[in-house]
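Here are a few friendly notes to read alongside the model. Keep the structure open as you go through the points.

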Amino acid sequence: MNIKAVQKICYGMYVISSKKDDKINGQIANTLFQITSDPPTVAVSINKQNLTHEYITTSKTFTASIISKEAPMNFIGNWGFKSGRDIDKFKDANFRAGKVTGVPIVLDYATGYLECEVLSSTDVGTHTIFIGKVVDCEVLSDAEPMTYSYYRQIKGGKSPKTAPTYVKEESTAVGATGDKYKCTVCGYIYDPQNGDPDSGIKAGTKFEDLPDTWVCPVCGAPKSEFEKEG
Ligand code: FE
């Protein structure tokens, strides 16, 4: 059995938000999909360790912002690799409250959104699958939605360990333009063949040649937190 086969499954990228009393939180999820069209329902799989899981369980509501390809890595980093227990992820976000549920809807880089009320949930061990009825939704732009494979291949993105799609990977080493370096905080791989276009680093730039002010585009860790791959 080659577990890498599951990486052939296609997904999008979403910010799933919820609330608990007057507290709000959100996180990245790629495991959202439509189940029925009449009435419109969707399912999303959320890790039980995540704060958003606690909020959805309590309020029985969530929103999903559909992320466009234009979203930079630090946007994914804020929502996907940090915990609302440590920081206020909404601090610098553009968002508004959903009309029906009052749950925040993240508007940054969102090409559309869904506002949902939980109809049922299924315990699947590490995660819960929440099935939500879409009670409001809107298209926000014509921008192309980001797929999970685009995030992985073009943006060099990884899954945090709490994601349903996390697969432990063996290190890959050395390209023509120098070694790859891995962020020990979030797992992001700096590949000199890709550079870091979001931060103005051209393709072909060796890790050693990155400015000292450069930080991990996903989690913000400094260069000193990186180690050579392989
Ligand atoms: Fe990082």
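1. Let us begin with Thr52, which sits in helix 1, residues 51–59 (helices are DSSP runs of H or I with at least four residues, strands are runs of E with at least two, and both are numbered from the N terminus). Thr52 counts as buried because its relative accessible area is 1%; buried means under 20%, exposed over 50%, and partly exposed in between, with a 1.4 Å probe and protein chains only. Setting aside neighbours within four places in sequence, Thr52 is in contact (heavy atoms within 4.5 Å) with Ile16, Ser18, Asn25, Gly26 and Gln27.

2. A word on the source: this is a predicted model, in which local features need pLDDT of at least 70 and side-chain atom pairs count only at pLDDT 80 or more, while totals for chains, interfaces and linings use all residues. Residues are numbered from 1 along each chain as its sequence is written, and side-chain values use heavy atoms, leaving out hydrogens and water.

3. Next, look at the hairpin that strand 1 and strand 2 form, with two residues between them. In its turn, Asp21 has a positive phi of about 55 degrees. The two strands run antiparallel and are joined by seven bridges (strands pair if DSSP finds at least two bridges between them). Lys19, for instance, has Ile24 in strand 2 as its bridge partner. Strand 2, residues 23–29, is mostly covered, with five of its seven residues buried.

4. Which residues have the most contacts inside the largest nonpolar core? They are Tyr188, Cys216 and Phe226, in a core of 30 residues. A nonpolar core here is a set of buried Ala, Val, Leu, Ile, Met, Phe, Trp, Tyr and Cys residues joined through side-chain atoms within 4.5 Å. Helix 2 (73–80), helix 3 (148–153) and strand 10 (181–183) each supply at least two of its residues, and helix 2 gives the most, with four. Another core, of 15 residues, lies apart from it and includes Ile16, Val44, Ala64 and Val134.

5. Three bridges join strand 10 to strand 12, and Lys182 has Glu227 in strand 12 as its bridge partner.

6. Finally, is Met1 buried or exposed? Met1 counts as exposed, at 97% relative accessibility, and lies in the segment before strand 1 (14–20).
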